[in-house]
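Please keep the sequence and the model open beside them as you read.

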Amino acid sequence: MNKKICVLLSAMMVFSLAACGSKKQEAKTEEGFKPALDTSTKASINVAGGYDNFEALETEFDRFNEIYPNVELAYTKIDDYNNMIGTVLNGNDAPDIYVNNSWMYGREQYKASIDHAEDLSDSKLGLDLDCIRSNILLKTEDGTLPMVPVFSSTYGMLINKDLFEKEGVSIPTTYQELVTACKTFSDKGYKSPMMGYTADEKTSLYTLISYPFFCSTVADDAEAVKKLNSLDPSAGEYIRPTLEKVDQFLKDGCSDSDACSSIENNYDAVILRFFEGDVPMMACSGDAVSGTKKRESQSEKFAADPFAYTFVPIPMSDDGAYFLDMPNLQFSVNKDSKNLDIANEFMRFLVTSEELNEMAKNKGLMSPTKDLSFNSMYAAFGDIPESKILSPEEIGLTDDAVTQLRMAVYDYSTGKLTIDEAVKGFGSYSQ
């Protein structure tokens with residue numbers, strides 16, 4: 001009897017101490033999701049998107065079914081998604097929830113994708129939008145919110161932590177530190193301290209290093225953004241500082257273009273090349289990072305000799321790295337859904353720090369929530385000061401303007417144009 005009492009008291013003490021040390025977690029749990037509908041509700045929810053498979057979402061389906069066991073949830077992949085979603089939404093088998101994209105907003109050909117979307121900012125829906133970084137929420141002219149990010153992304157570089165430790169090099173946080181690190185690795189026999197995909201402009205090494213820097217040069221210049229978005233030829237001057245920065249990067253010998261040219265794409269090939277183990281830094285997008293875990297076993301060299309790695313910003317500025325914060329995948333609710341109540345309930349369940357973080361971690365992508373410390377792969381981006389977090393959503397740059405920048409940078413970097421020619425060509429690059 002006494003022994004049982006002692007055990008009980010010990011357990012209570014442990015529980016008490018744990019509670020004292022985790023008040024934030026306790027409060028979070030108390031404020032967690034509470035079902036608003038009858039949990040015996042029978043219904044179905046169909047989510048449409050372009051992914052071949054969506055295992056991370058299916059995990060969320062399972063978690064939702066723990067609360068609503070009689071709700072059937074399914075994911076449907078639509079081929080040629082961006083061009084077909086409008087037609088699907090206007091059809092008889094329209095989804096209840098669907099993937100949307102910020103760049104579709106304001107474009108006539110994608111009007112249906114926006115028009116069918118419910119306003120998720122409506123307080124009656126009860127979505128916890130405060131858990132999402134506000135700078136990646138779509139800013140519309142009428143203040144409505146047709147979509148919410150469920151994943152986010154950025155540009156950066158994979159770091160082979162073991163190589164940095166072996167060679168006594170610190171992970172760079174400024175441009176000068178990057179140059180110094182590259183020189184140190186070069187002097188130690190590494191052919192290309194930083195590598196990346198270079199075969200086309202969209203996700204090339206040159207885009208990844210230049211786009212965040214470019215955003216920093218126009219972030220506070222509304223007139224510049226207006227001219228860039230209108231593809232005014234005179235706006236070419238706004239990309240000159242970025243072209244000059246890329247020129248400096250190339251001259252500083254941070255990367256070997258011939259070595260990079262052998263990488264076939266900014267996903268499998270980038271990852272598998274990095275896993276060879278002789279690349280200190282590999283520039284890539286967050287999409288590529290999401291595929292690293294599954295491909296560890298596909299690399300014979302990594303499987304035989306694994307190493308620690310992480311993902312960090314590329315420091316192209318003398319005063320520190322910028323975090324280019326972008327939505328990756330966004331969900332909309334079809335306002336004409338026959339299952340609108342339960343679709344909104346699922347969104348209310350999903351749009352919480354706990355569920356968004358869980359889904360992002362399962363998918364390997366960056367979470368759209370305010371706290372990135374839970375995932376060591378992206379934690380470095382959470383340490384970037386707010387003054388250096390840049391969002392195209394907030395700056396107001398259109399996809400057309402960004403495309404012109406990418407093409408100008410690519411044509412200059414690959415020797416097709418001089419800086420002056422690239423500046424002069426702004427607005428005239430074919431898309």
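**Notes on the model**

1. Let us begin with Asn160, which is buried at 1% relative accessibility (buried means under 20% relative accessible area, exposed over 50%, partly exposed in between, with a 1.4 Å probe and protein chains only). This residue lies in strand β5 (helices, H or I with at least four residues, and strands, E with at least two, are DSSP runs numbered from the N terminus). A polar atom of the Asn160 side chain lies 3.0 Å from the backbone nitrogen of Leu163. Beyond its neighbours within four places in sequence, Asn160 is in contact with residues including Phe274, Val279 and Phe307 (contact means heavy atoms within 4.5 Å).

2. A word on the ground rules. This is a predicted model, in which local features need pLDDT of at least 70 and side-chain atom pairs count only at pLDDT 80 or more, while totals for chains, interfaces and linings use all residues. Residues are numbered from 1 along each chain as its sequence is written, and side-chain values use heavy atoms, with hydrogens and water left out.

3. Where does β5 sit in its sheet? The order of the four strands is β6-β7-β5-β8, in an open sheet with mixed pairing (two strands pair if DSSP finds at least two bridges between them). β6 (194-195) and β8 (309-312) are the edge strands, each with a single partner, so one side of each has no neighbour in the sheet. Five bridges connect β5 (residues 155-160) with β7 (residues 281-285) in the antiparallel sense, and Tyr155 stands opposite Ser285 in β7.

4. Now look at helix α8 (residues 205-218), which lies across β5, β6 and β7 and runs at about 115° to β5 (axes are lines fitted to C-alpha atoms, for helices over the stretch in contact, and angles run from 0 to 180 degrees between N-to-C directions).

5. The largest nonpolar core has 84 residues, and among those touching the most other members are Leu178, Met194, Tyr211 and Met281 (such a core is a set of buried Ala, Val, Leu, Ile, Met, Phe, Trp, Tyr and Cys residues joined through side-chain atoms within 4.5 Å). Helix α8 gives the largest share of this core, nine residues. Apart from it lies another core of 49 residues, among them Ala43, Leu129, Ile136 and Phe346. Met281 is in contact with Met157, Leu178, Cys182 and Met194, among others, leaving aside its neighbours within four places in sequence.

6. How many disulfides does the structure hold? The number is zero (a disulfide is a pair of cysteine sulfur atoms within 2.5 Å). For Cys182, the nearest cysteine sulfur belongs to Cys254, 3.7 Å away. For Cys260, the nearest is that of Cys182, at 11 Å. Cys182 is buried at 0% relative accessibility, and Cys260 is buried with a relative accessible area of 0%.

7. Strand β3 (residues 97-100) also deserves a look: Ile97 and Val99 point one way, Tyr98 and Asn100 the other, and all are buried. β3 runs parallel to β1 (residues 43-49), joined by two bridges, with Val47 opposite Ile97. Four bridges join β3 to β10 in an antiparallel arrangement, where Gln330 is the bridge partner of Asn100.

8. Finally, visit Ser337, in the loop between β10 (326-333) and α16 (340-350). Ser337 is buried, with a relative accessible area of 10%. Its side chain makes a polar contact with the side chain of Asp96 at 2.6 Å (a pair of N or O atoms within 3.5 Å; within protein, one must be able to donate a hydrogen and the other to accept it, and residues adjacent in sequence count only if both atoms are side-chain atoms). The Ser337 side chain also reaches the backbone nitrogen of Asn339 at 2.9 Å.
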